[in-house]
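Subject: Handover of a structure for your review

Dear colleague,

Please find below the structure that I am passing on to you. My findings follow directly after it.

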Amino acid sequence: MSKYLSPRFDSLDAYTPGEQPRDQKYIKLNTNECPYPPSSKVIEAIDKEKNLLNLYPDPTAKCLKTAIADNLGLNADNIFVANGSDEVLALSFMAFCDKDTGVAYPDISYGFYSVYADLFTLDSKVIPLKDDFSVCPNDYFNLGRTIFIANPNAPTGLCLSLYDIENILINNKNNIVVIDEAYVDFGGESTVKLLDRYENLLVVRTFSKSRNLAGGRVGFALGSKELIADLELMKFSFNPYNINRLSLVSATEAMKDTVYFDDCVSKIKDTRTFLVNELEGLGFNVIPSCANFIFAKKDGISGEELYLKLKNNGILIRHFNKDRISDYIRITIGTKDEIISLIDTIKTIIDEVK
Ligand code: PMP
């Protein structure tokens with residue numbers, strides 16, 4: 001750290017992304033990417049667009065917004081797009097929180113919420129999940145804060161019902177409730193259908209998980225046209241060309257190719273069922289997952305040991321060295337073959353530690 005860094009960042013604890021090894025070949029089940037490549041229509045669009053990289057991209061992202069709007073039955077002015085949902089979240093923290101309006105989020109959830117709260121020097125109310133890792137809706141009533149809830153939650157994979165979310169919205173009329181639906185396509189019910197009834201709802205989505213584009217970095221938000229205008233104000237005051245040309249056309253085509261999307265999502269859900277059954281057969285306690293990952297633990301072997309042993313065997317999963325969840329491992333749903341290799345390796349590891 002240099003002597004020039006603003007002292008307000010002295011204790012900033014940056015987000016730690018999951019490992020992204022490029023040198024060694026791993027079965028990569030650690031960062032909830034889609035195991036399948038982008039749709040062939042995406043590749044064709046990139047091929048055409050690459051010759052235009054000398055020109056700035058469209059800062060209004062009209063084509064992409066129209067594709068999302070058509071897919072979800074909304075209007076383009078209900079849609080905001082950005083460089084990954086991380087950027088959508090960051091701009092939401094910027095737009096809707098300040099020294100009078102702090103934030104609230106669960107103690108076990110997406111790690112970036114606390115990082116952004118610190119980055120923007122906000123007061124945070126960190127609300128413990130219940131012992132079974134579920135969110136207690138009443139804990140979020142009338143807090144006078146901007147609320148961030150991932151639904152399905154990460155890393156647990158559990159989801160709240162629409163009824164519970166609606167209650168949180170009703171009991172926070174004067175504050176924004178951000179529902180981060182990064183994983184909603186794999187289970188759970190989207191809050192999109194509540195948008196026309198709750199002006200305080202902002203839904204955040206991503207192309208990184210169910211739309212095979214983690215490397216493209218595209219995320220979006222859905223909300224009233226006034227909330228979207230607030231986010232546009234942030235974006236045009238920060239980085240108007242936040243989505244590059246290749247990512248814009250990629251995301252547009254990915255959104256249009258609903259056949260490929262349905263096929264990939266359904267394969268992932270089938271593989272998730274297979275993995276859960278296999279792990280339960282091996283004595284794991286698996287939290288019911290609505291996402292493209294599962295969260296599980298096994299008595300007699302620590303989360304860290306399992307993570308390290310799998311890594312030694314060429315398989316990357318995620319372990320969080322954090323209170324309440326350090327016994328658990330999070331496994332991204334890969335291809336069926338990858339998951340079969342994982343299970344075989346876990347069986348060998350379990351036999352060794354017996
Ligand atoms: N929200 C949640 C709950 C996530 O788990 C992630 C990524 N792991 C994100 C948002 C950010 O995704 P991206 O920036 O790739 O859209």
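I begin with the ligand, one oxygen atom of which is 2.7 Å from a polar backbone atom of S85. A polar contact here is a pair of N or O atoms within 3.5 Å; within protein, one must be able to donate a hydrogen and the other to accept it, and residues adjacent in sequence count only if both atoms are side-chain atoms. An oxygen atom of the ligand is also 2.6 Å from an N or O atom in the side chain of Y183, and a polar side-chain atom of S208 lies 2.6 Å from a ligand oxygen atom. The residues around the ligand, each with a heavy atom within 4 Å of it, are G84, S85, D86, Y110, D180, A182, Y183, T206, S208, K209 and R217.

Please note that this is a predicted model, in which local features need pLDDT of at least 70 and side-chain atom pairs count only at pLDDT 80 or more, while totals for chains, interfaces and linings use all residues. Residues are numbered from 1 along each chain as its sequence is written, and side-chain values use heavy atoms, with hydrogens and water left out.

Turning to the sheets, strands (E, at least two residues) and helices (H or I, at least four) are DSSP runs numbered from the N terminus, and two strands pair if DSSP finds at least two bridges between them. Seven strands form an open sheet of mixed pairing, in the order β2-β8-β7-β6-β5-β3-β4. Its edges are β2 (79–82) and β4 (124–127), each with a single partner strand, so one side of each has no neighbour in the sheet. β2 pairs with β8 (residues 219–222) in the antiparallel sense over four bridges, and A82 has G219 of β8 as its bridge partner.

A further open sheet has three strands in the order β9-β10-β12, with antiparallel pairing. Here β9 (285–287) and β12 (329–332) stand at the edges with a single partner strand each, so one side of each is left without a neighbour in the sheet. Three bridges join β9 to β10 (residues 293–297) in the antiparallel sense; N285 has K297 of β10 as its bridge partner.

A search of the whole structure finds two cavities of 30 Å³ or more. The largest cavity holds about 60 Å³ of space, and its lining consists of P38, S39, V42, R211, N212, A254, D257, Y260 and F261. The second largest cavity has a volume of about 30 Å³; E181, A182, D185, R205, T206, S210, R211 and F220 line it.

The lining residues include A45, K48, D58, C63 and T252.

Yours sincerely,

Conventions. On a 1 Å grid over the protein atoms alone, a cavity is a set of points where a 1.4 Å probe fits but cannot get out, and a pocket is an open set with protein on both sides within 12 Å along at least five of seven lines; lining residues have an atom within 4 Å of a point. Grid points are joined across faces, edges and corners, and a volume is the space filled by probe spheres set on the points.
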